[in-house]
Amino acid sequence: MISLILTLKRLLSAIFRIGKEPLFRTLLLTLAFIVLSGTLFYYQIEGWAFFDAFYFAFVSLIPTGIETGLAPTGNLSKAFTMIYLAVGVGVMVMVLLRLAYAVVKLERSEQLDVKANQVKSTPKQKTKDK
């Protein structure tokens, strides 16, 4: 449980830090529009419940292979899904990569801080003058 809390703290710190970057904000906004368009499409065309449509639109972009139990049935929906996935997966992967980079960068800076503190705390050896 402690490791989960520490991991969440690290993740939230990385999100806060990378959230200041214009590229990440642009990618996140683009991803939000893509997921919103998928949600509205499946809600209106397939007739799914709004949360089911959102769930499918979001989970289908995550490169994990989760089975949602939902599948588009019409030809229009299948064509939309092919385009939606081709565009959306790329944006989702970019967001995840930027986030992973921020977490690694945060961990690296924490390690450097720890090493710097260790160097400061070690006593210096005195040299004798001849």
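Q: Which side chain does the side chain of T81 make a polar contact with?
A: In this predicted model, the side chain of T81 makes a polar contact with the side chain of Y42, at 2.6 Å.

Q: Where is T81 placed, and is it buried or exposed?
A: T81 has its place in helix α4, and it counts as buried because its relative accessible area is 10%, with the cut-off for buried being under 20%.

Q: Switching topic, how many residues are in the largest nonpolar core?
A: That core has 22 residues, and those with the most contacts inside it are L31, V35, Y42, L61 and Y84. The elements that give two or more residues to this core are α1 (2-18), α2 (22-46), α3 (50-59) and α4 (75-121), and the largest share, 8 residues, comes from α4.

Q: What does V35 touch?
A: If residues up to four places away in sequence are not counted, V35 touches F54, A57, F58, L61 and Y84.

Q: Okay, at what angle do α2 and α3 pack?
A: They pack at an angle of about 135°, with their axes 8 Å apart, and that angle makes α2 oblique to α3.

Q: Is their crossing left-handed or right-handed?
A: The crossing of α2 and α3 is right-handed.

Q: Which residues meet there?
A: From α2, the residues V35, G38, T39, L40, Y42 and Y43 meet F50, A53, F54, F56, A57 and F58 in α3.

Conventions:
Residues are numbered from 1 along each chain as its sequence is written. This is a predicted model: local features need pLDDT of at least 70, side-chain atom pairs count only at pLDDT 80 or more; totals for chains, interfaces and linings use all residues. Side-chain values use heavy atoms; hydrogens and water are left out. A nonpolar core is a set of buried Ala, Val, Leu, Ile, Met, Phe, Trp, Tyr and Cys residues joined through side-chain atoms within 4.5 Å. Buried means under 20% relative accessible area, exposed over 50%, partly exposed in between (1.4 Å probe, protein chains only). Helices (H or I, at least four residues) and strands (E, at least two) are DSSP runs, numbered from the N terminus. Contact means heavy atoms within 4.5 Å. A polar contact is a pair of N or O atoms within 3.5 Å; within protein, one must be able to donate a hydrogen and the other to accept it, and residues adjacent in sequence count only if both atoms are side-chain atoms. Axes are lines fitted to C-alpha atoms, for helices over the stretch in contact, and angles run from 0 to 180 degrees between N-to-C directions. Angles under 35 degrees count as roughly parallel, over 145 as roughly antiparallel, 65 to 115 as roughly perpendicular and the rest as oblique. A crossing is left-handed if the near helix is turned anticlockwise from the far one by less than a right angle, and right-handed if clockwise.
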